[in-house]
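Here are my notes from a first walk through this structure.

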Amino acid sequence: MPGFRINVVSDVHGNTKDLARAGEGADALICLGDLVLFLDYADHSRGIFPDLFGERNADRLVELRTERRFDEAREFGKRLWAGVDRGPAIERAVRKQYAELFAAFPTPTYATYGNVDIPALWSEYAAPGTTVLDGQRAEIGGRVFGFVGGGLRTPMRTPYEISDEEYAAKIEAVGEVDVLCTHIPPEVPELVYDTVARRFERGSRALLAAIHKTRPRYALFGHVHQPLTRRMRVGATECVNVGHFAGSGRPWSLEW
């Protein structure tokens, strides 16, 4: 099918304004997750955490996490949450964000979860024009796309982190595709290192193995906001970090 174009975004983190324009000029939009904004590391006044506990406490939490003092960060958070019914408070805030973000999706949109998303809520907000996929395939414009959402387990303990085995099973279920769409990158040092956070994020070895084995034309992902390398070839596959949409406001486009 000549003249087909998709726009791809990832790590939206509350950027509803730009999301509403992300499908312009494209036949479809793909979203690779992390819709929720819990805490903006660039602007500590934005997100669920500062809304509940203030910017000064957000400054401190970011400082501890950036210094990789995760145990101290958890203890600090635990003290703040004491006396607050955490589950309902977070769910109310996430629901408010999801209502706005899902309403901004164009038709058609194909989406999968990020590690900070809450999958159980998506079915309540996804309109008929939005297809949610995880460990599944879809034909878009005559090409087969595979989708695998979520992240692997980390000390950050974000909402949708799963075991390496469960993640590998979803990669296996997708099988051979033209374009492999995931939230996290394959486990390649240049693709998983965040130059601003100054740390290696978790990538997937199972995803890397699948890229070598099934040789998709493209592997698209996000998760690492400021990667050392945004694009590189792994074997026959063009691996592309489609960008930190919350910061750039610009989708990445693929045409054929």
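I began with burial: in this predicted model, 53% of the 256 residues in the chain are buried.

Next I checked the overall dimensions. A compact globule of 256 residues would have a radius of gyration near 18 Å, and the chain has 18 Å, so the two agree. The C-alpha atoms fill a box of roughly 55 × 35 × 30 Å along the principal axes.

I looked at contacts too. Of those with a separation of 6 or more, 57% are between residues 24 or more positions apart.

For charges, I noted 32 positive and 35 negative ones, and their mean positions lie 2 Å apart.

Then I went through the secondary structure, where I found 10 helices and 15 strands.

My next entry is on strand β2, residues 28–31. Which way do its residues point? Ala28 and Ile30 point one way, Leu29 and Cys31 the other way, and all of them are buried. Strand β1 (residues 5–9) runs parallel to β2 and is joined to it by four bridges, with Ile6 opposite Ala28. Strand β3 (residues 109–111) also pairs with β2 in the parallel sense, over three bridges; here Tyr110 is the bridge partner of Ile30.

I moved on to strand β6, residues 143–148, where five of the six residues are buried. I followed the chain from β5 to β6 and found a hairpin with two residues between the strands. Gly141 sits in that turn, with a positive phi of about 60°. Strand β9 (residues 179–182) is another partner of β6: the two run parallel and are joined by four bridges, and Phe145 stands opposite Val179.

My last stop was Gly83, in the loop between α4 (70–81) and α5 (86–104). Is Gly83 buried or exposed? Its relative accessible area is 88%, so Gly83 counts as exposed, the cut-off being over 50%. I also took a distance from here: Gly83 and Val177 are 94 residues apart in sequence, and their C-alpha atoms are 49 Å apart in space.

Notes. Residues numbered from 1 in each chain as written. Predicted model: local features only at pLDDT ≥ 70, side-chain atom pairs only at ≥ 80, totals over all residues. Heavy atoms only, no water. Rg over C-alpha atoms; globule rule 2.2 N^0.38 Å. Buried < 20%, exposed > 50% of the residue type's maximum accessible area, 1.4 Å probe, protein only. Contact = heavy atoms within 4.5 Å. Lys, Arg positive; Asp, Glu negative; His and termini not counted. Charge placed at Lys NZ, Arg CZ, Asp CG, Glu CD. Pairing = 2+ DSSP bridges.
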